[in-house]
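Please look through the sequence and the model below before reading on. The paragraphs that follow go through some contacts between side chains, one group at a time.

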Amino acid sequence: MTADPLSATLSALADPTRRAILARLALGEASVGDLASPFAMSLPAVSKHLKVLEKAGLIARGHRAQWRPCRIEGAPLRDVADWLESYRRFWDESLDRLDVYLQELQKGNPHGDHH
């Protein structure tokens with residue numbers, strides 16, 4: 001596992017199956033069986049994905065008798081959101097430039113020349 005938590009979180013989120021598992025857990029706790037049912041994969045394969053999510057701190061596992069429900073943990077997702085927020089001005093500026101360009105296109109002046 002990588003040394004810093006953000007790398008672990010991003011690595012865990014890189015897999016679409018793990019993102020789908022998190023989306024399901026955002027609706028509430030679920031068992032491994034519940035989480036496996038939408039996927040064409042074995043319980044051990046789903047368990048491997050859950051272990052990656054757990055190591056990254058994205059989920060927690062309960063310890064109720066025979067049922068170990070999984071639940072989502074929000075802190076690592078907040079850390080990703082905070083990291084992305086620091087780059088917001090770049091996409092805001094890009095969108096502003098795109099908006100100006102589209103306005104110029106609508107006026108029939110694609111290069112922004114004001115003749």
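This is a predicted model: local features need pLDDT of at least 70, side-chain atom pairs count only at pLDDT 80 or more; totals for chains, interfaces and linings use all residues.

**Charged and aromatic side chains**

Arginine 89 lies over the face of phenylalanine 90, and its distance from the ring centre is 4.3 Å.

With which residue does arginine 89 form a salt bridge? The partner is glutamate 93, and the closest N and O atoms of this pair are 3.9 Å apart, which falls within the 4 Å that a salt bridge requires. Because arginine 89 and glutamate 93 are 4 residues apart in helix α6, which covers residues 88-106, about one helical turn separates them. Arginine 89 has a relative accessible area of 48%, so it counts as partly exposed, and glutamate 93, at 34%, is partly exposed as well.

Phenylalanine 90 is itself partly exposed, with a relative accessible area of 40%. The structure holds 2 aromatic pairs. In one of them, the ring centres of tryptophan 83 and tyrosine 87 are 5.3 Å apart and the planes meet at 65°, so this pair is edge-to-face; the cut-off for that label is an angle over 60 degrees. Tyrosine 87 also pairs with phenylalanine 90, with 6.2 Å from centre to centre and 35° between the planes, and this arrangement is described as tilted. Trp83, Tyr87 and Phe90 together form one aromatic cluster. As for their accessibility, tryptophan 83 is partly exposed at 36%, while tyrosine 87 is partly exposed at 37%.

How many salt bridges does the structure hold? There are 3, and the pair of arginine 89 and glutamate 93 is one of them. In general, side chains of opposite charge can pair when their charged atoms come close. Glutamate 85 and arginine 88 also meet through their side chains in a salt bridge, with 2.8 Å from N to O. Glutamate 85 has a relative accessible area of 41% and is partly exposed, and arginine 88, at 35%, is partly exposed too.

A further salt bridge joins arginine 71 to glutamate 73, where the closest N and O atoms are 3.5 Å apart. Are these two residues buried, partly exposed or exposed? Arginine 71 counts as partly exposed at 37% relative accessibility, and glutamate 73 is partly exposed with a relative accessible area of 27%.

Methods. Residues are numbered from 1 along each chain as its sequence is written. Side-chain values use heavy atoms; hydrogens and water are left out. Buried means under 20% relative accessible area, exposed over 50%, partly exposed in between (1.4 Å probe, protein chains only). Helices (H or I, at least four residues) and strands (E, at least two) are DSSP runs, numbered from the N terminus. Rings of Phe, Tyr and Trp (its six-membered ring) pair if their centres lie within 6.5 Å; planes under 30 degrees apart count as stacked, over 60 as edge-to-face and the rest as tilted. A charge sits over a ring if NZ of Lys or CZ of Arg is within 6 Å of the ring centre and within 35 degrees of the ring normal.
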